[in-house]
4 protein chains.
Amino acid sequence: MEFDELNAEVQEFCERRDWEQYHTPKDLAIGLVTESSELLELFRFKDLPEQSDLLADSETREDVEAELADILFFLLRYADLYDIDLSAALERKLETNRARYPANEYRGSNRKYDE
Amino acid sequence: MEFDELNAEVQEFCERRDWEQYHTPKDLAIGLVTESSELLELFRFKDLPEQSDLLADSETREDVEAELADILFFLLRYADLYDIDLSAALERKLETNRARYPANEYRGSNRKYDE
Amino acid sequence: MEFDELNAEVQEFCERRDWEQYHTPKDLAIGLVTESSELLELFRFKDLPEQSDLLADSETREDVEAELADILFFLLRYADLYDIDLSAALERKLETNRARYPANEYRGSNRKYDE
Amino acid sequence: MEFDELNAEVQEFCERRDWEQYHTPKDLAIGLVTESSELLELFRFKDLPEQSDLLADSETREDVEAELADILFFLLRYADLYDIDLSAALERKLETNRARYPANEYRGSNRKYDE
């Protein structure tokens, strides 16, 4: 994956439209929630075989891709505007989760660490 | 940004815990919604100066980074398990949005294209 | 169910704290999303038997009740501040859905009307 | 507000369509999140005067009412199927919040109790 160029395109897209004024920390979080919720709505009330069928359907698959793209768009925008290093953040989170969820203890388990 | 290695770490983290069984299209979307919502909750009822103060506070800033990392984690997991090319998806979305939101028409405007 | 008195308590609770200033249409919607998402998070990655077990567990059950109460709180607040007749709105929605989802056609079906 | 009759209509609507099988604790929570998110999306990137304008516009106002109705629909369905007394739950929550947010201490404050 090569995000540097894409990231530059996202920022340029927003700058050319002068949208920084709308991209507050709260409204970008709203962007992330609402796009994730649109993704989720595609699978509402659907069981697992139906979820697979939906992903095999080319039209729904395009919808899924479009929603994931919207999420990535807002994620890159958040990181750029508020100076967050996404790679470093994910690296730290993985370290935290390796400690919270030791592999030998949580293999095949869906318990939450604080459950 | 260098996501290839991080992406490999995310997948390895999940495989070592045998979590693929929980990562259905619906539940990964739930992951994205719930983590985005936790990010949003940090700014609930806060006005713009308060949002800036929150991002300047090192503790809240760490919370923001951790939530964005969780979102990226689920995004990379979705793409990997369901064979979605995030870069291509975002590239297509940007093309769509360049057509929907011509820069000269939407500069400084927060109208939705279908409003 | 007797909501009139409860509704009056909700409004009095907010008025005594002078919280109307925070209860904008956007922030009350954030309240609804974030509380619903906390409810959802209780069931993340859980299959149906696990969901039943969670509802049978008195501690989780209290959590579920508390989240549903938060949702009702924000719903009553929205209706009161922005002058919305919830009963009439639901009555209209039921009429719409009776037309969209004829019982004989949608019995045992989870298709969406526009699917 | 008179919810008893409406509540009966909601249950009958679902029973006539045999939808109980889809209304798991997780999927009803998804219903609440996705409808709340649709409400929120109406106000995305909008400032306070714009939010007021939107509520004064009869078309958006109908959208707001329809989303609030959907939220109430899923709330009543949740309570009915999983045997939750919404009035009692809200009464308890108000008691909790009266203790967490003493009126004299939280008047005009948007701090969270654990902030």
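Q: How many residues of chain A are in contact with chain C?
A: The model is predicted: local features need pLDDT of at least 70, side-chain atom pairs count only at pLDDT 80 or more, and totals for chains, interfaces and linings use all residues. Residues are numbered from 1 along each chain as its sequence is written, chains are lettered from A and ligands numbered from 1 in the order in which they are written, and side-chain values use heavy atoms, with hydrogens and water left out. Contact means heavy atoms within 4.5 Å. By that criterion, 13 residues of chain C meet residues of chain A, and the number on the chain A side is 13.

Q: Which residues of chain A lose the most area to chain C?
A: Buried area is the accessible area (1.4 Å probe) that two parts lose on being put together, summed over both. Between chain A and chain C it comes to about 950 Å², with 38% given by carbon and sulfur atoms. Three residues together account for 44% of what the chain A side buries, and they are A:Lys26, A:Lys46 and A:Asn110.

Q: What is the radius of gyration of chain A?
A: This radius is taken over C-alpha atoms, and the globule rule is 2.2 Å times the number of residues to the power 0.38. The C-alpha trace spans about 50 × 40 × 30 Å along its principal axes. For 115 residues a compact globule would be near 13 Å, but chain A has 18 Å.

Q: What share of the residues in chain A is buried?
A: Buried means under 20% relative accessible area, exposed over 50%, and partly exposed in between (1.4 Å probe, protein chains only). Of the 115 residues in chain A, the buried share is 57%.

Q: Which backbone oxygen does the side chain of B:Arg61 reach?
A: B:Arg61 sits in helix H4 (residues 58–81) of chain B and is partly exposed, at 21% relative accessible area. Leaving out residues up to four places away in sequence, B:Arg61 touches B:Leu54, B:Leu55, A:Tyr82, A:Asp83 and A:Ile84. A polar contact is a pair of N or O atoms within 3.5 Å; within protein, one must be able to donate a hydrogen and the other to accept it, and residues adjacent in sequence count only if both atoms are side-chain atoms. At 2.6 Å, the backbone oxygen reached is that of A:Tyr82.

Q: What is the phi of A:Asp18?
A: A:Asp18 lies in the loop between helix H1 (3–16) and helix H2 (25–41) of chain A. A:Asp18 is partly exposed, with 40% relative accessible area. Although A:Asp18 is not a glycine, its phi is positive, near 60°.

Definitions and conventions:
Helices (H or I, at least four residues) and strands (E, at least two) are DSSP runs, numbered from the N terminus.
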